[in-house]
Amino acid sequence: MDNIIEIKNLSIAFPLKAGVVKAVNNVDFALERGTICSLVGESGSGKTTLASALLRVVSSPGVITGGQILYEGQDILKFDNNQLRRYKWAEVSMIFQAAQNALNPLMTIEEQILETFHVHRYPGSDSEALSHSIDLLNYVRLDAERVLKCYPHELSGGMKQRVMIAFSLILNPKVLILDEPTTALDVITQDYIFDILIKIYEEFKITMLLMTHDIAVVARFAQKISVMYAGYIVESGNILDVFKTPKHTYTNQLLNSALSLTDDLKEREAVPGAPPDLIDAPAGCAFQPRCPLGSERCKILRPGTTMLPNNGSIQCHRFADQGTSNG
């Protein structure tokens, strides 16, 4: 496969007074060029932390304690400030979870767009930058001339999210990271936003990584899926393979908890139990306390990654003898 991003053995920790939160644990992950991959899991599973590491913007006091993040074969964790500035937005950009928190309330949209061009050393003039921005704002179905003069509080939630989509595209990146891009938006606006994102993917050929807890969105939007739990990627594969025959108990429970308009709500069940305390995580498999199929081995030994057919993988002792284990 032609992977544009490869994460190898990545670990991220948050030292706190109560102890160390291990938010990402020895994760291996690959983003195939030209695809839309989704990273799913409950809140606190490590999705946003992993995504922020791709731009080296892990929130304080978080630190990357080990591993590599390879973009086009280069480890971004070794980039100096100039290399990092060229990498951000020009190669990989991100639409953050809450648009209202990502925009400066004291600056107009035009001022913020020009500032972004200046920070990333856009070679053209301000007029060229604005012309390009107007094209993008119109592309995401906004009245560019009006929106540029607005402050963020003068825009609705859906409009601000579309401004952020335009922001993410201004330097023509190759990879777009979407961190819960429709959080706090109504269902109709969510659908509208994803229509725009699908159009961008099809017309701009941008590789996308979507972080979400919404399984229904994943089914419509992505081609590949990785399921994250307690800082580990516990299952990955093609969307059709994983949705048709989920291997990991957690993946199966996530799918069974997703609401549907075509079946009885009584058939839907929430994932039982609660995620573990990441300061004092279980010694063995992190999911073992919630797993109805767990064994004594699961309590004491962490499962390694087992490679499955069709480039899938799983972390579960029940499958360790069925594929190629990475330990």
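So, the largest pocket: 33 residues line it, and the ones nearest its centre are Asp28, Phe29, Ala30, Ser236 and Ser313. Keep in mind that this is a predicted model. Which elements give two or more residues to that lining? They're strand 1 (3-16), strand 2 (19-32), strand 9, strand 10 and strand 12 (312-314). Strand 2 gives the most, with seven residues. As for the volume, the largest pocket comes out at about 760 Å³. And if you sort its lining by residue type, you get 16 polar, eleven nonpolar and six charged.

Okay, on to the second largest pocket, which has about 560 Å³ of space. There are 21 residues lining this one, and closest to its centre you'll find Gln190, Asp214, Ile215, Ala216 and Val217. Here the elements giving two or more residues are helix 8 (187-204), helix 9 and helix 11. The lining of the second largest pocket splits into nine nonpolar, seven polar and five charged residues.

Helix 11 covers residues 249-257, and which of its residues are buried? Thr249, Tyr250, Thr251, Gln253, Leu254 and Leu255. And what covers them? Among the elements doing that are strand 3 (36-40), helix 9 (215-221), strand 9 (224-229), strand 10 (232-238) and helix 10 (239-244).

Some of those names have come up before.

Methods. Residues are numbered from 1 along each chain as its sequence is written. This is a predicted model: local features need pLDDT of at least 70, side-chain atom pairs count only at pLDDT 80 or more; totals for chains, interfaces and linings use all residues. Side-chain values use heavy atoms; hydrogens and water are left out. Buried means under 20% relative accessible area, exposed over 50%, partly exposed in between (1.4 Å probe, protein chains only). Helices (H or I, at least four residues) and strands (E, at least two) are DSSP runs, numbered from the N terminus. Contact means heavy atoms within 4.5 Å. On a 1 Å grid over the protein atoms alone, a cavity is a set of points where a 1.4 Å probe fits but cannot get out, and a pocket is an open set with protein on both sides within 12 Å along at least five of seven lines; lining residues have an atom within 4 Å of a point. Grid points are joined across faces, edges and corners, and a volume is the space filled by probe spheres set on the points. Ala, Val, Leu, Ile, Met, Phe, Trp, Tyr, Cys and Pro count as nonpolar, Asp, Glu, Lys and Arg as charged, and the others, Gly among them, as polar.
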